[in-house]
Amino acid sequence: MLQKSNSVNGWVKESADSSIKPTDTSLPAIVSPKATQGKYSNKIVITWGSAYNSKVSKYLIVRKAYGSDKWEKLAYVSNTTNKYVDKISGNTKYYSYKVLTCKNENGKLYKSLLQKSNSVNGWCKVTICIDPGHYGTWNNNYSLSGAAGSYPYSEAGQMLKLGKYLNTYLNNYNIATKITRTSANEGSDGVNIFVNGLETRGKYSEGCNFFISLHTNATSGSWNVSSNSVLVIANKKAYASDEIELAANLGTAVANTMAPCGTKAFKTSLSSYGASSSGLIYRKGLGGKDYYGVLRSSNAVGTPGVLIEHSYHVNPNVRKFLLDNSNLEKLAKAEAETIAQYYGFPT
């Protein structure tokens, strides 16, 4: 009787392709799929072979996110087509794809071997708008002497260098960029840095995935202080969306990179302005709108964004650190890597 029979528990480890069996080794493998970016930023177009293959009944499209070992089913498509459009939702924008051939036999659908089919990488267009703060030699200590005049520094000048480095590193990850200015006193097309500068900078981010304004901080009255902390101020759009995670991650990356000059650890819990000496901030202005002009105007065109204060340029140790171009490159690399990881790009 069943009641007198002992039971035993057991399991098998599911392999990466167990969900797309049974397989038939005689089915041809797709060895040269291609992936191209669609017209819109949330589509990846997969193509392969010819438009008709009499040896197969249909095709199965599978994909996996970067860093994952699990292939997921996307769709079966007819053997009369050689194209599939993957409509991406969510923040992950980078995937690998395979196209498996399938045939019906004795009422069962068989698939080609996953291991024999080559994969192809495809990604959605991600565009980041970079805003090197201010212009000219704004916020400098060139006329000062003594400790306050040590390590001659201009916020506008060094943030322009940082912005250019960031632009390059993001492009290396296949991430598109727009930058509000590439010289001391001239904005990009559509950006007037002298007339309504803050408004035109923020609005330049329209259609982008994220806006990042690069700055260094100050206290009033002195260029020889001990303040040494990173602030990341999120705009209303970022505050209310998943990109608040990216804002926090950027703060951590910047603070960690600047640790050699004594920068405090970054606090990723969101606080009101002034409630944290180093951390993620959301600051409201009049009427509940963003306090900072570039954040207010980027929010107005629907772009989540942040203003990053790369610690305090009125601290001599911070100035010394930021005047070293190799340190600016380290910051740009860390910020670009953080952005790439957030959107699922290989780093």
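**Salt bridges and burial**

Colleague: Why does Asp24 count as buried?

Modeller: Asp24 has 15% relative accessibility. Buried means under 20% relative accessible area, exposed over 50%, and partly exposed in between (1.4 Å probe, protein chains only), so Asp24 counts as buried. This is a predicted model, where local features need pLDDT of at least 70 and side-chain atom pairs count only at pLDDT 80 or more, while totals for chains, interfaces and linings use all residues. Residues are numbered from 1 along each chain as its sequence is written, and side-chain values use heavy atoms, with hydrogens and water left out.

Colleague: What makes Lys103 and Asp24 a salt bridge?

Modeller: The term requires a side-chain nitrogen of Lys or Arg within 4 Å of a carboxyl oxygen of Asp or Glu. For Lys103 and Asp24 the N to O value is 3.0 Å, so the pair meets the definition. Lys103 lies in strand β6 (residues 94-105) and Asp24 in the segment before β1 (34-37), so the pair ties together parts 79 residues apart in sequence. Strands (E, at least two residues) and helices (H or I, at least four) are DSSP runs, numbered from the N terminus.

Colleague: Which residues are linked in a network of salt bridges?

Modeller: Asp24, Lys103 and Glu105.

Colleague: Why is Lys203 called partly exposed?

Modeller: Its relative accessible area is 38%, and Glu199, at 35%, is also partly exposed. Lys203 forms a salt bridge with Glu199 at 2.8 Å between the closest N and O atoms. Both lie in helix α2 (residues 197-203), 4 residues apart, about one turn of the helix.
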